[in-house]
Every structure is written in structure tokens, then in C-alpha cells.
Amino acid sequence: MLDSLSPILLLTLAVSSTALLVAAVIGLPLGAFLALRPVPGKRLIELLIYTGMGLPPVVVGLAVYLLLSRSGPLGALGWLFTPSAMIVAQIIIALPVVIGLTMSAVESVDPALKLQLRALGATPAQVMWTLLGEARLGVLSAIIAAFGSIISEVGAVLLVGGNIEGQTRVLTTAIVLETRKGNFELALALGAVLLSLAFWVNFGMVRLGRRADAPWR
Amino acid sequence: MRRVARSLLAVVLCAGLLSACAPAAAPAQQVLRLATTTSTQDSGLLDALLPLFEQQYNARVDVVAVGTGQALEIGAKGDADVVLVHARAREDKFVSEGDGINRRDVMYNDFVIVGPQADPAGVGGAASAKEAFARIVAASAPFASRGDDSGTYTKEKGIWASAVITPTTDSGWYLSLGQGMGETLLTANEKSAYTLTDRGTWLSMQTKLPNLGLLLGGATVAENQDKSLLNPYGVIPVNPAKHPGVNAELAAKFVEWITAPDIQKLIGEYGQDKYGQPLFYPNAAKP
């Protein structure tokens, strides 16, 4: 079991960090945009995004499964039961978290700053970028919350990844497998591995965030 | 402001770097996707056999181990190349609907009834599974049912039907779990419930189930008096005419391989050293 732990660990990191990266690249600007622009139907969009934070992973997994199945609309990609399918599912789970929390973080920045920036002749992109920076701690928590929700998620990756040994087995699906076999000690140990992985990733992110806050220290 | 931008970028880049250390893609080799039941994987049989196939054909076998119902559904969507399952009637339906071709027998084991050592319902004295189920009902003793879409649950429903009993969950003693065999056995162990299990999973998990005993089915498959409890496994390649994406050539090789005499012999020997009896008995007929 131990010699097969490192590919599981690497895949867990690879899938979740890739999904987080994509979700951040899409979600941060989108969240800021929604916070700053008078979008029609904004309350409804907001509500939908907050509801999306509660999406059951297994439902996301099922939808992605049907989408990527060989008899589904995107079957030609051949992504089902590969890490790509797992990344797609985790992006969908992470996106509402990133968008929603970024939106509320940017909204909580003093509105006078936005007016001031406009008056100083900043372009909309510059305004958005500056306000994202002002709200950096909230934005950081958005990213951390999204990471937490996907690294610990099992329903979606089990369904679309298939828990194939050496190919799509990640920590959470390995825990399910060992639990099913009654190997509770091993399952618990894997849970501890997952927790410490999450600890160190969060440690890194928080450190980076703090350094951005006070680089002179 | 610039330093904020830099740090945000760093967070994102950090995530990206982590993703860069993903395991490198395997060299081009053929991949066979096998959808099968949890019993073949959890018993360790596939781990023992598949490396031989992978070596012989320079292929990689991706095993998706789920319940029989889900395995057949994966096959019916063309998402697997071959299925190895145990629910004969549903296998025949799979073939008659054009999703699979050339079904072959591979092996069998049997189902047994396990339950609390004290055996309050007196299942140990029953002559058949049908009678045992009737005794469980008479005693209103707890019964843990898989309650999923598995081959084992299909079998269980068949036994209830033969006893002309329709168990309902509001009766209190019938626990429909919707879980795999391992979880169901663990639950039965905790709740002092009876359950129907395949012998292979029972043997491999017995040490973790101190409160349960084998009550009906005999010590080995050969000693099982109720022949209706036999549990045959079949292998079915997914029909390439209906699902053009499948690797039909490798699937056909797999069927040929797993039904060949030397692999059949290995199946019959698997588990002998650890459990003192085989977990599966080969029964592939000559084509």
C-alpha cells in the first residue's frame, strides 16, 4: 500500500490544484465584475451562485459523467475515467465558491475608493484589479475555501474517475475503497495524510497572502 | 498594489506548479477498460491475474469496480470495453439489447447466509435459502440488505420472491442499506443482523466480523446444499457495432485469455493458500 501512496498523493494534488487554478482564473475576475458592475438580474445571479456553493458533488459528478460518456455530447474527447474528467468536475464545484466569496469580498471594499479611482482616470480593468487587491484577504479565503471543498470531495471524482488504481485513484476514493474493505485503520491513516496535505497547502497560501500584506517585514 | 498583484499571481502559480508534477503520461500502450463488480476487485483476484494479461499483450487494464447494475450501465453507454459481472438474467438482457456480444462463462462461487452467532431465527437449521428467509421473517430478526443495484441484491430479491415474501422497510427488521458488500457485512456485524453475501467477500472479511457466523451454505462451495445459491460470473465484450469507440480487438483477446485453461487454473487456485479453499471456481466452457 505504501509504495502506491505517492502516485495517489501526487494525483490528488495535481487534480485539485489544476481545478483550483482554472476556477481562480475564471472566478476571480467574474466575481469582481459582478461586484462592480450594475448587472441586470444581479440579485438572482447572486442567489444562484450562493446556491451553487451547496451543489452536491455527486450530482456534479453525474452531470459530468453523462456529458463525457461515449454516448454523451462530449464523448469524443475520451475524458471519462481519466484525471481530466475529475478536474472538470472539481472546477464546477469550486467555481461558485470562488465567484461568490470574491464577489462579497470586493463588495465590502469602501465604495469611495472606486469613485476615486474612476476620478483619477483608471480604466475599468485597473479599477477591478485594484479593488481585488484591496480585498485580498477575502479573495485569499475564497481560494482557500474552494480548495477545501474540492480536495475533500469524493462523490464526483469517484463517479467520473472510476477510482482506477494508478490512473484515477486519489486520497478520498482510496479512503472509500479501504473503508468498504473494512480496513478502517488504513482508511483513517489516509484521512490523516489528506489532512496534513491540506494543512501544508493552506500554510503555503496563507504565507503568500501575508507576505503580500507586509513585504517589508 | 503591484505587490498584491504579484502575490495573487504567486498563489495561482503555486497551484499551477503543483499541477505540473502530475504523473507523466504512460507510454503509448493499448488500454482495456474493464467494468466489473466490487467482489472481483476486493477479493484481490484481479490484482493477482491482470498483471499477466498486461504483460502478455503489452496493455494496461483500467478496472472500474462498481455494482453489477452500474457496471452493465457503463457498458451500455459504451464507456467500457468489456464487463465481468454476476447477474445472469441481466447479462442476457444486456446481450439481447445489443450492448454486448459473445457472453462467456468464467467462474462461479456461491452465496451464503451469515448472521449473529446466537442465530435467534434458527437459520442454521434451514435446508434452503428460501426456508432461511422465511425463518428470519417469522422471527422478525434484523436483515441487512444491499438495497442497491448489485448482483447480490438481485439474488436476494429472487430468494424473497421464491419464498413469496415482500419485505418492506417499514416492518422495522428489514434494513435496506444501499451500500456495497463490505459495508453491508460491517453493518450486519454491528447490528446483529442476517445478510446474504458472496462467499468470497465473506472469507476475505471474516476476521473483521467477530459477531457474525456462516449459518447457511456449508464450509465450502461444494458443501453448499442449496444449488440455487450458486453465483456464476460472466464476461461480455461490449458490442463494437453499437458502440464504435470501444477497443473490441483487445476485449476479444481478454475474453479468450480469461477463459483459457492456464488462467482458469490460476482462478481455481486463487485463495487456496490464504483461506484453505478457492474463492472462485473456473467454469469456462470450450467455445
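**View 1. Confidence along chain A of the predicted model.** The mean pLDDT of chain A is 91, and 96% of the residues in this chain reach 70 or more. Among the elements of chain A, the highest mean pLDDT, 96, belongs to α4(A). The lowest, 89, is that of helix α6 (residues 124-134) of chain A. Where pLDDT is low, predicted coordinates should not be read in detail.

**View 2. Packing of helices α1 and α4 in chain A.** Two packed helices are described by the angle between their axes and by the distance between those axes. Helix α1 of chain A spans residues 5-36, and helix α4 of chain A spans residues 83-107. Their axes are 6 Å apart and meet at an angle of about 35 degrees. The crossing of α1(A) and α4(A) is right-handed. In the contact of α1(A) with α4(A), 25 residues are nonpolar, six are polar and one is charged.

**View 3. The two domains of chain B.** Domain 1 of chain B is assigned to residues 30-108 + 233-282, and domain 2 to residues 109-229. The C-alpha centres of these two domains lie 26 Å apart. To the contact, domain 1 of chain B gives 19 residues and domain 2 of chain B gives 16 residues. On the side of domain 1 of chain B that touches domain 2, α2 (38-42) and α4 (68-76) of chain B each supply at least two residues. By class, this side of domain 1 of chain B holds seven nonpolar, ten polar and two charged residues.

**View 4. The fold of chain B as a whole.** Chain B has ten strands and twelve helices. Of its 287 residues, 47% are buried. Among contacts in chain B with a separation of 6 or more, 72% join residues 24 or more positions apart.

**View 5. N58(B), a residue with positive phi.** N58(B) is not a glycine, yet its phi is positive, at about 45 degrees. N58(B) lies in the loop that runs between α3 (45-57) and β2 (59-66) of chain B. Because 10 other C-beta atoms lie within 10 Å, N58(B) counts as exposed, the limit for this class being 12 or fewer.

**View 6. V164(B), a residue other than glycine with positive phi.** Phi of V164(B) is near 50 degrees. V164(B) is found in the loop between α7 (151-162) and β6 (174-176) of chain B. With 8 other C-beta atoms within 10 Å, V164(B) is exposed.

Notes:
Residues are numbered from 1 along each chain as its sequence is written. Chains are lettered from A and ligands numbered from 1 in the order in which they are written. This is a predicted model: local features need pLDDT of at least 70, side-chain atom pairs count only at pLDDT 80 or more; totals for chains, interfaces and linings use all residues. Axes are lines fitted to C-alpha atoms, for helices over the stretch in contact, and angles run from 0 to 180 degrees between N-to-C directions. Helices (H or I, at least four residues) and strands (E, at least two) are DSSP runs, numbered from the N terminus. A crossing is left-handed if the near helix is turned anticlockwise from the far one by less than a right angle, and right-handed if clockwise. Ala, Val, Leu, Ile, Met, Phe, Trp, Tyr, Cys and Pro count as nonpolar, Asp, Glu, Lys and Arg as charged, and the others, Gly among them, as polar. Domain bounds come from an automatic or database domain assignment. Two residues are in contact if their C-beta atoms, placed from the backbone, lie within 7 Å. pLDDT is the predictor's confidence in each residue, from 0 to 100. A residue is buried if 20 or more other C-beta atoms lie within 10 Å of its own, exposed if 12 or fewer, and partly exposed in between; C-beta atoms are placed from the backbone.
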